[in-house]
Amino acid sequence: MNYVRDVGALTRKDLLLELRARDTLPAMLLFVAAVFVVFHFALPGEPSKLETTGLLWVAILFTALLGLGRAFVPEREQRTLDGLVLAPCDRSAIWLAKSLATLAFLAAAEVVALPLYALFFHHVGGATVAAVLLADLGICAVGTFLGAMAVATRARDLILPLLFLPLAIPIVVGAVGASVVHSPGRYLGFLALYDLLFAVVCWASFEFVVSE
Amino acid sequence: MARTRIPLPVLAVASLVLVTTALAFVFFVAPNDANQGFSQRIFYFHVSIAITAYALFAGAAWKALRHLWKRDPRADLESYVFVHQGVIFGTLVLLTGSIWAKISWGRWWLWSSDQLVLFLVLFLFYCAYFMLRFSVDPGPQRANLSAVYALFGVVLIPVSFAAIRLAKDIIHPVVFTLKGPQFGGWILVTYCIAQVAVPVLAYTLYRLELSSKRLDIRLRDLREVLA
């Protein structure tokens with residue numbers, strides 16, 4: 001029970017910080033809208049649903065990267081990560097809370113992005129929404145973990161996409177597959193499996209990322 | 001050194017003999033392939049290099065686990081050298097695969113070849129390992145981050161493989177029916193020799209790099225003491 005309370009407190013801290021500073025979410029919203037406009041001009045004429053679906057996933061992935069890159073920035077700037085690590089709670093709670101906060105930002109960005117996509121390009125089906133939900137879990141779990149690794153390096157912002165994109169390829173496969181085929185069950189199952197597998201790995205090894 | 005290990009010169013001679021034998025068998029003993037003729041011979045090295053690369057990545061993850069779990073002080077460097085050799089052999093897989101694709105299908109790159117695409121993903125993944133490792137100062141944190149990332153690799157390999165298989169079904173819902181290769185006679189013998197030679201060569205290179213890296217570190221420590 002203590003663990004849940006710790007995670008809750010840490011998540012609330014991040015959400016409150018965002019509510020006051022408004023750093024991340026507006027940037028993500030603006031970015032995803034701008035990306036859609038760029039796509040329109042990058043694909044002249046009437047792009048097919050297959051093409052725009054692929055682009056939707058590129059947009060979601062890069063928007064998520066924008067948010068993930070910001071996730072540990074406040075901790076770095078205020079040097080609060082040491083405090084969090086010293087706090088009498090399980091270290092994995094830090095990762096879980098950060099992931100939940102990032103998930104909230106990403107989901108909020110998608111609440112705007114998906115209708116915008118439907119307005120600009122093609123309608124969004126139920127399977128795509130399900131894929132978005134499952135993919136978000138994987139993106140945030142793995143991305144937050146790698147974000148914590150990236151802030152420990154000198155390269156920081158440069159290194160996160162390099163670490164994240166190869167690991168995100170299976171997410172893209174599952175998500176695009178679920179969005180375009182007639183029976184998306186296999187792809188949604190694959191996404192769920194990915195989420196579960198990597199969530200367990202991240203949860204078990206986060207301790208080593210923040211401690212020496 | 002508590003463990004007794006095969007001395008490096010013995011390994012070097014063994015890999016020289018084995019690789020030479022493998023080359024001789026590949027070029028002079030193995031018969032020409034009925035369909036692809038002489039050029040199919042690249043298969044012997046392509047496949048054994050690919051399996052060796054997987055083994056090297058697995059070795060890196062094993063050493064990473066030893067670092068995190070047992071706090072083995074040597075494991076960090078060993079894991080790094082395994083990844084380094086793995087990337088070298090992975091690059092060779094991409095090169096030989098690309099040559100084979102050009103000969104068989106007339107194109108240097110094929111997205112329909114699972115093995116090639118998987119190695120491209122792994123190449124990107126493990127190249128990022130170097131970016132990560134060399135932008136952290138040497139010390140326990142660098143060792144931890146490297147180890148965790150190397151462990152991610154062995155989770156990523158099967159997941160990516162499944163993903164690449166799934167991705168093909170999105171457009172072409174056709175199940176590939178791979179006919180088992182008709183192994184036998186000299187083909188099997190040649191393949192087995194190559195399959196032994198390449199891992200021995202990889203292990204020799206691993207030991208060589210490890211000993212030179214260790215020497216480097218000792219030298220730097222000595223210099224610090226003197227300075």
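Of the 227 residues of chain B, 35% are buried, a residue being buried if 20 or more other C-beta atoms, placed from the backbone, lie within 10 Å of its own. The model is predicted: local features need pLDDT of at least 70, side-chain atom pairs count only at pLDDT 80 or more, and totals for chains, interfaces and linings use all residues. Residues are numbered from 1 along each chain as its sequence is written, while chains are lettered from A and ligands numbered from 1 in the order in which they are written.

**Chain B**
- Chain B has 6 helices and 0 strands, where helices (H or I, at least four residues) and strands (E, at least two) are DSSP runs numbered from the N terminus.
- Its C-alpha atoms fill a box of roughly 65 × 45 × 25 Å along the principal axes.

**Contact between the chains**
- Chain A contributes 28 residues and chain B 26 residues to the contact, two residues being in contact if their C-beta atoms, placed from the backbone, lie within 7 Å.
- On the side of chain A that touches chain B, α8(A) gives the most, with 12 residues.

**The pair α8(A) and α4(B)**
- Helix α8 (residues 159–180) of chain A packs against helix α4 (residues 114–133) of chain B at an angle of about 155°, with axes 9 Å apart; axes are lines fitted to C-alpha atoms, for helices over the stretch in contact, and angles run from 0 to 180 degrees between N-to-C directions.
- The two helices are therefore roughly antiparallel, a term for angles over 145 degrees.
- Among the residues making this contact are A:Leu162 and A:Pro166 of α8(A) and B:Phe125 and B:Met131 of α4(B).

Methods: Angles under 35 degrees count as roughly parallel, over 145 as roughly antiparallel, 65 to 115 as roughly perpendicular and the rest as oblique. A residue is buried if 20 or more other C-beta atoms lie within 10 Å of its own, exposed if 12 or fewer, and partly exposed in between; C-beta atoms are placed from the backbone.
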